[in-house]
Amino acid sequence: MSRPSSKRLVIDACVAAMAGALDTLSVDGRACRSVLDVVFERRHTVVFSAEIKAEWDRHAGGYATTWYQLMINNERVVGQESLESLGLERRRMHLRNAIVALVPECKGRGAMLKDVCIVAAAIVTDRRIVSVDQRARKL
């Protein structure tokens, strides 16, 4: 059986936050650490725009921080410069304008606008987002 091809994945900071430290015993923490491990083992690449990286820096626990450094060391991170060449800013502005025009303020517009950076980065790469944010999925 052939191995699936590697993908460029956008991993939401909520995964990094839930991964916590290695000694975190919660089911969610173990599941998030397992996801990060599988991303590394399957040789996927992770996508970090400046906004996504800033969000990770604010929320990542020790496990995710170490994992991120491992990904950097193995040259498996798509950064801001590469994303800009793929049209990230144009896509981000298009999405922001569409949300402002189509979504009433009371219907979760703020949450949608906050996550535009994640969606735009996924659109210009392999259209894959890893997240545990159930609230965002419902919007």
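## A helix wrapped by its surroundings

Helix H8 is largely enclosed by the rest of the structure, because seven of its nine residues are buried (buried means under 20% relative accessible area, with a 1.4 Å probe and protein chains only). The buried residues of H8 are Val-116, Cys-117, Ile-118, Ala-120, Ala-121, Ala-122 and Val-124. Helices here are DSSP runs of H or I with at least four residues, strands are runs of E with at least two, and both are numbered from the N terminus.

H8 lies across E1, E2 and E4, and runs at about 175 degrees to E1. That angle is taken between N-to-C directions on a scale from 0 to 180 degrees, using lines fitted to C-alpha atoms, for helices over the stretch in contact.

## About the model

This is a predicted model, in which local features need pLDDT of at least 70 and side-chain atom pairs count only at pLDDT 80 or more, while totals for chains, interfaces and linings use all residues. Residues are numbered from 1 along each chain as its sequence is written, and side-chain values use heavy atoms, leaving out hydrogens and water.

## The sheet

Now to the strands that H8 lies across. Four strands form an open sheet in the order E3-E2-E1-E4, with parallel pairing; two strands pair if DSSP finds at least two bridges between them. Strand E3 (77–78) and strand E4 (129–130) are the edges, each pairing on one side only.

E1 and E4 run parallel and are joined by two bridges. Val-10 has Ile-129 in E4 as its bridge partner.

## The nonpolar core

The largest nonpolar core holds 35 residues, and Ile-11, Leu-36, Ile-52, Trp-56 and Trp-67 have the most contacts inside it. Such a core is a set of buried Ala, Val, Leu, Ile, Met, Phe, Trp, Tyr and Cys residues joined through side-chain atoms within 4.5 Å. Elements giving two or more residues include strand E1 (8–11), helix H2 (27–41) and helix H8 (116–124). H8 provides the largest share, seven residues.

Trp-56 is worth a click in your viewer. Leaving aside residues up to four places away in sequence, Trp-56 touches Ile-11, Asp-12, Ala-13, Ala-16, Leu-36, Phe-48, Ala-64, Trp-67 and Tyr-68, where contact means heavy atoms within 4.5 Å.

## The whole chain

The chain has nine helices and four strands. Its radius of gyration is 15 Å, close to the 14 Å that the globule rule gives for 139 residues, so the chain is as compact as a globular protein of that length. The radius is taken over C-alpha atoms, and the rule is 2.2 Å times the number of residues to the power 0.38.

How values were computed
Buried < 20%, exposed > 50% of the residue type's maximum accessible area, 1.4 Å probe, protein only.
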